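The sequence and the structure come first.

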Amino acid sequence: MGEAWGRSAEYSKLLSQVIERASEAKLKALADTAVDESPHYKHVHALLEKKFQSRSSDVKALRNMLYIVSEIIQLSAQQLGSKDKYRERLQPFTLKLLQGLMGSTFTDHAKRILALWRKKNLYPEGTLDAFAHALGVSPLDKTCLPTAKGVSLPPPNADPHTHPLGNNGTAGNGSAGPLAGTYPYMDASVPPPPPPP
């Protein structure tokens, strides 16, 4: 990994906070730092791997790690273009996250992320198909395709406890931000729906 990264401790602390409870602001801060510090992409990956090792059986933590990866790769692709290192570097890590989420109550959340990546052409079709396979879903699953503005949102005033898209895309503070609908259940006070019987 070369020289030490001066922001490693700071980034690790913020990672822990987001893995525990994801919020739009903190996800953005993680992605901004990762992209601003892109020469240290290997350190960012190493920190994610370390967190995965300690939380690999916690599906909520895995779901939040997938949100982190999604934010980083989207911003990196947008700002760094062909110089982006994160998509390739985080690909094996992403496969592990998706395998850990297979069959969990958060599988639909992961499907929405994959649909968003497909819409934005963040990975080749073959890679996206491999991600879908790791999650245990069909690459042709059309249940969570993105809308023109991002991803499918629930109807207004949907019951967050029974609707599969949860809290109507709010960022945990009742206001819809630029990530609205992309990361349902950011607000830890809104529990996910119970698993199917």
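## Helix packing and core

H5 and H7 are roughly parallel to each other (angles under 35 degrees count as such). They pack at an angle of about 30°, with their axes 7 Å apart; the axes are lines fitted to C-alpha atoms over the stretch in contact, and angles run from 0 to 180 degrees between N-to-C directions. On the H5 side the contact (heavy atoms within 4.5 Å) is made by Gln 91, Thr 94, Leu 95, Leu 98, Gln 99 and Leu 101. On the H7 side it is made by Thr 127, Ala 130, Phe 131, Ala 134 and Leu 135.

The model is predicted: local features need pLDDT of at least 70, side-chain atom pairs count only at pLDDT 80 or more, and totals for chains, interfaces and linings use all residues. Residues are numbered from 1 along each chain as its sequence is written, and side-chain values use heavy atoms, with hydrogens and water left out.

### The chain as a whole

The chain has seven helices and zero strands; both are DSSP runs numbered from the N terminus, helices being H or I with at least four residues and strands E with at least two. Of the 197 residues in the chain, 49% are buried, that is, under 20% relative accessible area with a 1.4 Å probe, counting protein chains only. The accessible surface comes to about 9,800 Å² by the Shrake-Rupley method with a 1.4 Å probe, and carbon and sulfur atoms hold 54% of that surface. Among contacts with a separation of 6 or more, 69% join residues 24 or more positions apart.

### The nonpolar core

The largest nonpolar core has 47 residues. Such a core is a set of buried Ala, Val, Leu, Ile, Met, Phe, Trp, Tyr and Cys residues joined through side-chain atoms within 4.5 Å. Tyr 11, Ile 68, Ile 72 and Trp 117 have the most contacts inside this core. Each of the helices H1, H2, H3, H4, H5, H6 and H7 supplies at least two residues of the core, and the largest share, eleven residues, comes from H4. Leaving aside neighbours within four places in sequence, Ile 72 is in contact with Tyr 11, Ala 31, Ala 34, Val 35, Val 44, Tyr 86 and Leu 90.

The expected span in the table is 1.5 Å times one less than the number of residues in the helix.

| Helix | Length | First to last C-alpha | Expected span |
|---|---|---|---|
| H3 | 15 residues | 21 Å | 21 Å |
| H6 | 13 residues | 18 Å | 18 Å |

The buried residues of H3 are Tyr 41, His 43, Val 44, His 45, Leu 47, Leu 48, Glu 49, Lys 51 and Phe 52. Their cover includes H1, H2, H4 and H5.

Ten of the 13 residues of H6 are buried, so this helix is largely enclosed by the rest of the structure.

### Asn 121

Asn 121 lies in the loop between H6 and H7. Its phi is positive, about 55°, although the residue is not a glycine. Asn 121 is exposed (over 50%), with a relative accessible area of 58%. The C-alpha atoms of Asn 121 and Ala 77 are separated by 9.9 Å, and the two residues are 44 residues apart along the chain.

Key:
Parallel < 35°, antiparallel > 145°, perpendicular 65-115°, else oblique.
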